[in-house]
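Hi everyone, thanks for making the time.

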Amino acid sequence: MNPRTLNPSMSSLLAFEASARHGSFTRAAEELSLSQSAVSRQVQALEELLGVELFDRVGRHITLTEVGRIYTLEIAGSLARIRDATMQTLAYRSGGGSLHLGVLPAFGTKWLLPRMSDFYAKHPEILVHIHSRASTVDFLTTGLDAAICVGDGLWPHVVSHKLFDEELVPVVGGCNIAAQEYKSAEDLRTTRLLQVAPRPNLWIEWFKMQNCQPGRLQLGPQFELTTHLIQAVSSGIGVGLLPRFLVRDELANKTLRIPFDSMSPTGSAYYLLVPPHKCNHRPVSVFINWLVCQF
């Protein structure tokens with residue numbers, strides 16, 4: 001196969017992607033500062049190169065063909081990464097840059113984002129693009145520069161920076177009258193225990209830490225996101241087991257309360273993980289230095 005077929009020109013790819021996104025050659029031309037006819041010619045040249053029709057044309061209206069829809073899904077992410085890499089390279093002229101950070105959703109919402117204004121006040125030249133991740137990430141496939149995860153500290157093939165230990169507390173809704181009867185872990189055995197899906201054994205491990213054999217527990221529904229579990233507990237659906245730092249606001253405004261004192265270390269901790277080849281990337285090193293100073 002002719003190598004040119006596998007390497008279409010950037011101008012034709014940009015014309016196609018913009019036309020697909022807008023559903024219009026005219027609006028694509030406005031975005032790219034080209035004439036409508038120039039965009040149309042670029043798309044036609046791409047179709048001739050590939051040997052397929054990417055758009056169905058009816059008068060002045062265009063719609064993606066099935067193969068066109070698949071093609072735009074494949075190239076859109078690549079073009080976005082090229083644009084991001086270009087902006088990042090240009091930013092180096094002023095000592096800036098950007099990093100892509102994977103974050104546990106609840107950690108990002110409840111802890112990191114409220115502090116990011118301080119980071120930008122100190123480092124306005126660096127952009128931090130935040131991506132929600134529910135568990136450990138694969139740096140090879142995601143393109144992330146760093147990630148904040150919770151675990152036991154055994155992270156192969158990455159550089160880890162410990163942030164703080166995880167400590168869990170049982171919490172109930174502030175209006176849960178029955179919760180007044182909860183005096184110890186034993187009192188929770190017959191209560192609906194809400195779970196976070198990525199860590200389904202958390203309640204069993206917690207009961208063992210309280211020197212209680214789990215036995216038969218009334219395990220309730222699972223929630224993919226910790227923020228949803230917090231809302232469910234606040235609504236009185238059941239009892240949750242949560243890191244205390246994630247529910248400080250709810251405890252302060254009394255939408256949640258801790259029925260008895262039993263804050264327990266889990267043996268897990270929150271870590272910032274960085275692939276070795278990214279450690280000397282200036283935006284990453286600046287972010288690391290700022291983050292560890294928050295503790």
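Let's begin with histidine 157, which sits in the loop between E5 and strand E6 (159–173). Helices (H or I, at least four residues) and strands (E, at least two) are DSSP runs here, numbered from the N terminus. Before I go on: this is a predicted model, where local features need pLDDT of at least 70, side-chain atom pairs count only at pLDDT 80 or more, and totals for chains, interfaces and linings use all residues. Residues are numbered from 1 along each chain as its sequence is written, and side-chain values use heavy atoms, with hydrogens and water left out.

Back to histidine 157: its phi is positive, about 65°, although it is not a glycine. Is histidine 157 buried or exposed? It is exposed, at 73% relative accessible area; the cut-offs are under 20% for buried, over 50% for exposed and partly exposed in between, with a 1.4 Å probe and protein chains only.

Lysine 254 has a positive phi too, near 70°. You'll find lysine 254 in the loop between helix H11 (248–252) and strand E10 (256–257), and at 65% relative accessibility it counts as exposed.

Now for a buried residue. Aspartate 145, in the loop between helix H8 (139–142) and strand E5 (146–151), has a relative accessible area of 3%. What does its side chain meet? There is a polar contact of 2.8 Å with the side chain of lysine 278. By polar contact I mean a pair of N or O atoms within 3.5 Å; within protein, one must be able to donate a hydrogen and the other to accept it, and residues adjacent in sequence count only if both atoms are side-chain atoms. A polar atom of the aspartate 145 side chain also lies 2.7 Å from the backbone nitrogen of histidine 100. Leaving aside neighbours within four places in sequence, the contacts of aspartate 145 (heavy atoms within 4.5 Å) include Ser98, Leu99, Phe139 and Val284.

Last stop, helix H4 (residues 36–50). Its 15 residues should span 21 Å at 1.5 Å a residue, and the end C-alpha atoms are 21 Å apart, which agrees. The expected span is 1.5 Å times one less than the number of residues. Among the buried residues of H4 are Ala38, Val39, Val43, Leu46 and Leu49. After H4 comes glycine 51, with a positive phi near 80°.
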